[in-house]
Amino acid sequence: MKEAITNLFLKILGKKQGYCCKDCVKNLYSVMDGEATKDQEEYFRSHINECSPCFNRYEIDKSVKEVLKLKVEHKEVPSNLIASIKNKLNQ
Ligand SMILES: [Zn+2]
């Protein structure tokens, strides 16, 4: 299980360049951390509706955050969560 997660993160890091728009990356992290302004969030949400690479990235990063949170709290990471991240990475 631990190895599965490590491999997963390596794969995700390798895909970082796959992000289509530089602005999106900045916005993504602000939005996820709840630090985005209303404008940033609106821009981001309307952008991911039209931009599937960014949408996909957002979904992946969201799931990864969930995994990290569970790990920090020493909780079991559900295998279906890992499976869904892997699934998205392969899209
Ligand atoms: Zn984009």
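Two residues are in contact here if their C-beta atoms, placed from the backbone, lie within 7 Å. The model is predicted: local features need pLDDT of at least 70, side-chain atom pairs count only at pLDDT 80 or more, and totals for chains, interfaces and linings use all residues. Residues are numbered from 1 along each chain as its sequence is written.

**The whole chain**

Colour the chain by secondary structure. The protein chain has five helices and zero strands, and from the N terminus its elements run α-α-α-α-α. Helices (H or I, at least four residues) and strands (E, at least two) are DSSP runs, numbered from the N terminus. Of the 91 residues in the protein chain, 13% are buried. A residue is buried if 20 or more other C-beta atoms lie within 10 Å of its own, exposed if 12 or fewer, and partly exposed in between, with C-beta atoms placed from the backbone.

**The core**

Next, select Cys24, Leu28, Val31, Phe44, Ile48, Cys54 and Tyr58, the seven residues of the largest nonpolar core. Helix 2 (22-32), helix 3 (38-50) and helix 4 (52-72) are the elements that give two or more residues to this core. Helix 2 provides the largest share, three residues. A nonpolar core is a set of buried Ala, Val, Leu, Ile, Met, Phe, Trp, Tyr and Cys residues joined through C-beta atoms within 7 Å. In soluble globular proteins, nonpolar side chains tend to be buried together.

Stay on Val31. Which residues does Val31 touch, not counting those up to four places away in sequence? They are Ala36, Gln40, Glu41 and Phe44.

**Helix 4**

Now select helix 4. Helix 4 has 21 residues and reaches 30 Å from its first C-alpha to its last, close to the 30 Å expected at 1.5 Å a residue. The expected span is 1.5 Å times one less than the number of residues in the helix. The buried residues of helix 4 are Cys54, Arg57, Tyr58, Ile60 and Ser63.

Leu68 is also in helix 4. Leu68 counts as partly exposed because it has 13 C-beta neighbours inside 10 Å.

Move on to His74, in the loop between helix 4 and helix 5. His74 has a phi near 55°, a positive value in a residue other than glycine. Most residues other than glycine have a negative phi. His74 counts as exposed because it has 6 C-beta neighbours inside 10 Å.

**Helix 4 against helix 5**

Show helix 4 together with helix 5 (residues 79-89); the two pack at an angle of about 155°, with their axes 10 Å apart. Helix 4 and helix 5 are therefore roughly antiparallel to each other, a term for angles over 145 degrees. Axes are lines fitted to C-alpha atoms, for helices over the stretch in contact, and angles run from 0 to 180 degrees between N-to-C directions. To see the contact, select Asn56, Glu59, Ile60, Ser63, Val64, Glu66 and Val67 of helix 4 with Leu81, Ser84, Ile85, Lys88 and Leu89 of helix 5.

**The end of the chain**

Finish at Asn90, in the segment after helix 5. With 7 C-beta neighbours inside 10 Å, Asn90 counts as exposed. Select Lys11 as well: Asn90 and Lys11 are 79 residues apart in sequence and 10.0 Å apart in space, C-alpha to C-alpha.

Technical notes: Parallel < 35°, antiparallel > 145°, perpendicular 65-115°, else oblique.
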